[in-house]
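Let's take a friendly walk through a protein model together. Keep the 3D view open and look up each residue as you read.

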Amino acid sequence: MINKEKGIELLKRANDSAIQNIQENGGPFGAVAVDQTGQNQIVGCNRVTDHLDPTAHAEVQAIRNHEEVYGEGSLQNGEIFTSCYPCPMCNAFMEEKGISRSTYSSNKKDADDAGFADDFLYVQQALLEEDKEPSVPVVLLPDDLRATLTPDHFYLLDETHSIIASCESDRLFNAIPKLTKQINTFETPNCFLVSSKELKILDYMASCWMGIEKIYVLQQEHLKIEKNAQKVEHVYINVENEGGPFQAWAKASDRKDYGLKPNA
């Protein structure tokens with residue numbers, strides 16, 4: 001485990017990357033992914049808007065960037081240092097990757113106050129952890145739709161159940177960016193996802209973040225959402241440098257409307 005003194009340095013680096021990201025029309029979120037040796041460190045920033053990718057949160061990007069450089073599994077027992085408390089989607093991604101601990105410098109209230117509330121996701125996470133029915137239902141695909149779809153593809157349907165995007169992928173989480181790029185937006189309220197594979201909690205959380213109405217699956221055994229056995233320890237250290245990312249965000253007069261809130 002990385003000690004507190006080194007952790008503060010890494011949190012400052014995460015905050016600095018978030019502030020720089022604002023200047024590059026990104027969101028006020030940055031993260032540093034560090035392997036268990038503490039030597040191999042890679043930064044990631046929130047690029048949801050410019051990548052048209054609802055999964056491109058800072059922690060996710062840091063992990064993706066780290067594995068691109070050091071290989072799949074490079075963060076087993078590693079750590080994430082992030083400018084803000086990880087949302088349920090990012091937490092699920094860290095669990096899958098075997099991250100042992102995340103250390104953050106802004107809490108959920110700070111994010112809420114800055115306009116980045118993820119309350120809907122936290123509600124879904126709690127429901128799933130208690131084995132209760134979540135608000136975004138997962139149901140079997142109706143027979144009349146099944147005949148028009150290719151079984152090994154993922155689909156995004158509009159309110160009339162017409163296909164507006166489709167792709168091949170190994171899982172829903174990886175299909176989502178491909179689908180949203182096709183329709184040129186990362187927000188899809190009132191739309192439906194069709195998944196041909198089993199769903200893990202990460203797939204479900206990413207779908208909720210998009211604002212979709214319902215997830216269809218092709219097989220009965222895919223109705224149950226698989227939870228992660230690995231759990232991440234979360235540690236809060238209040239680190240303010242350069243005014244903090246959320247303060248910099250509030251002062252940025254030329255920033256885009258980033259639209260980071262999930263459906264409520």
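## A buried pair of charges

Lys-97 counts as buried because its relative accessibility is 15%, where buried means under 20% relative accessible area, exposed means over 50% and partly exposed lies in between (1.4 Å probe, protein chains only). The side chain of Lys-97 meets that of Glu-67 in a salt bridge, at 3.1 Å from N to O. A salt bridge here is a side-chain nitrogen of Lys or Arg within 4 Å of a carboxyl oxygen of Asp or Glu. This pair links distant parts of the chain, 30 residues apart: Glu-67 is in helix H3, while Lys-97 is in the loop between helix H4 (88-96) and strand S4 (101-104). Helices (H or I, at least four residues) and strands (E, at least two) are DSSP runs, numbered from the N terminus. Glu-67 also counts as buried, at 13% relative accessibility. Glu-67, Glu-72 and Lys-97 are linked in a network of salt bridges.

Before you go on, note that this is a predicted model, in which local features need pLDDT of at least 70, side-chain atom pairs count only at pLDDT 80 or more, and totals for chains, interfaces and linings use all residues. Residues are numbered from 1 along each chain as its sequence is written, and side-chain values use heavy atoms, with hydrogens and water left out.

## Other salt bridges

How many salt bridges are there by this rule? The count comes to 16. One of them joins Glu-79 and Arg-101, whose closest N and O atoms are 3.0 Å apart. Glu-79 sits in strand S3 (residues 79-82) and Arg-101 in strand S4, so to speak two distant parts of the chain, 22 residues apart, that the pair links. Both Glu-79 and Arg-101 are buried.

Another salt bridge is formed by the side chains of Lys-231 and Glu-95, at 3.8 Å from N to O. Lys-231 lies in the loop between S9 and S10 and Glu-95 in helix H4, so this pair ties together parts that are 136 residues apart in sequence. Lys-231 is partly exposed, with a relative accessible area of 45%, whereas Glu-95 counts as buried at 8%.

## Two domains

The domain assignment gives domain 1 (4-140) and domain 2 (173-263); such bounds come from an automatic or database domain assignment. The contact between the domains takes 69 residues from domain 1 and 59 residues from domain 2, with contact meaning heavy atoms within 4.5 Å. The centres of the two domains, taken over C-alpha atoms, are 11 Å apart.

Rolling a probe the size of a water molecule over the atoms shows where empty space is left. On a 1 Å grid over the protein atoms alone, a cavity is a set of points where a 1.4 Å probe fits but cannot get out, and a pocket is an open set with protein on both sides within 12 Å along at least five of seven lines; lining residues have an atom within 4 Å of a point. Grid points are joined across faces, edges and corners, and a volume is the space filled by probe spheres set on the points. The largest pocket holds about 230 Å³ of space. Both domain 1 and domain 2 give residues to its lining, so the largest pocket lies between them. Among the residues lining the largest pocket are Leu-128, Asp-131, Pro-134, Leu-223 and Lys-227. The lining divides into five nonpolar, no polar and five charged residues (Ala, Val, Leu, Ile, Met, Phe, Trp, Tyr, Cys and Pro count as nonpolar, Asp, Glu, Lys and Arg as charged, and the others, Gly among them, as polar).

There is one cavity of 30 Å³ or more, and the largest cavity has about 230 Å³ of space. Of the 20 residues that line the largest cavity, Phe-29, His-57, Tyr-85, Cys-87 and Asp-118 are the closest to its centre. H5 gives the largest share of this lining, three residues. The lining of the largest cavity has twelve nonpolar, four polar and four charged residues.

## Helix H6

In helix H6 (residues 119-129), the buried residues include Phe-120, Leu-121 and Tyr-122. Their cover includes H4, H5 and helix H9 (201-210). After H6 comes Asp-131, which has a positive phi, near 55°.
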